[in-house]
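Trainee: I would like to go through this model and ask what stands behind each label. Where do we begin?

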Amino acid sequence: EILMTMYQEYQKKMQEYEQKNATWTPAVREMKEKELMQLQQNLEQNQQVLQQQLLRTHTTIGINPTYFI
């Protein structure tokens, strides 16, 4: 759920960037690009954390985690 919300925010900001970047000053464009990169990094980090938690849970309850990779 958290990951989905983050992804939706990223998609919304990416869409805005694609639609408006030609009208922005270079400074604004750079700021928006940095913001998008940070959102993408956060998404990737949270996805990794959730995958690790899922693997730990499956290992704890005895499900072979190799099926989920």
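Mentor: With the word helix: a helix here is a DSSP run of H or I with at least four residues, and helices are numbered from the N terminus. Keep in mind that the model is predicted.

Trainee: How many helices and strands does that give in the protein chain?

Mentor: Two helices and zero strands. Just after helix 2 comes Gly-62, with a positive phi of about 90 degrees.

Trainee: How do you know that the span of helix 1 agrees with its number of residues?

Mentor: Helix 1 has 19 residues, which at 1.5 Å a residue should span 27 Å. The C-alpha atoms at its ends are 27 Å apart, so the two values agree.

Trainee: What does the same check give for helix 2?

Mentor: Its 36 residues should span 52 Å, and the end C-alpha atoms are 52 Å apart, which also agrees.

Trainee: Why is Tyr-17 called buried?

Mentor: The cut-off for buried is under 20% relative accessible area. Tyr-17 has 16%, so Tyr-17 counts as buried. Its place is in helix 1.

Trainee: What makes Lys-32 buried or exposed?

Mentor: The value for Lys-32 is 19%; that is under the 20% cut-off, so Lys-32 is buried. Lys-32 belongs to helix 2. Beyond its neighbours within four places in sequence, Lys-32 is in contact with Glu-16, Tyr-17 and Trp-24.

Trainee: Which residues does Tyr-17 touch, not counting those up to four places away in sequence?

Mentor: Trp-24, Arg-29, Lys-32, Glu-33 and Leu-36.

Trainee: Why is the ring pair of Tyr-17 and Trp-24 given the label it has?

Mentor: Rings pair if their centres lie within 6.5 Å, and these centres are 5.9 Å apart. Under 30 degrees would be stacked and over 60 edge-to-face. The planes stand at 55 degrees, so the pair is tilted. The count of aromatic pairs comes to one. Trp-24 itself is buried, at 15% relative accessible area.

Trainee: Which residues of helix 1 are buried?

Mentor: Met-6, Tyr-10 and Tyr-17. Seen down the helix axis, the buried residues of helix 1 fall within an arc of 35 degrees, so they line one face. On the other side, Lys-12 and Gln-19 are exposed.

Trainee: What covers the buried residues of helix 1?

Mentor: The cover includes helix 2. In turn, the buried residues of helix 2 pack against helix 1. Those of helix 2 are Lys-32, Leu-36, Leu-39, Leu-43 and His-58. As one example of contact, Leu-39 meets Glu-9, Tyr-10 and Lys-13, leaving aside neighbours within four places in sequence.

Trainee: How many of the residues in the protein chain are buried, as a percentage?

Mentor: Of the 69 residues, 13% are buried. The accessible surface is about 5800 Å², and carbon and sulfur atoms account for 54% of it. Of contacts between residues at least 6 apart in sequence, 45% join residues at least 24 apart.

Conventions
Residues numbered from 1 in each chain as written. Predicted model: local features only at pLDDT ≥ 70, side-chain atom pairs only at ≥ 80, totals over all residues. Heavy atoms only, no water. Contact = heavy atoms within 4.5 Å. Expected span 1.5 Å × (residues − 1). Buried < 20%, exposed > 50% of the residue type's maximum accessible area, 1.4 Å probe, protein only. Arc of directions from axis to C-beta. Phe/Tyr/Trp six-rings, centres within 6.5 Å; stacked < 30°, edge-to-face > 60°. Areas by Shrake-Rupley, 256 points an atom, 1.4 Å probe, with all protein chains shown as cover.
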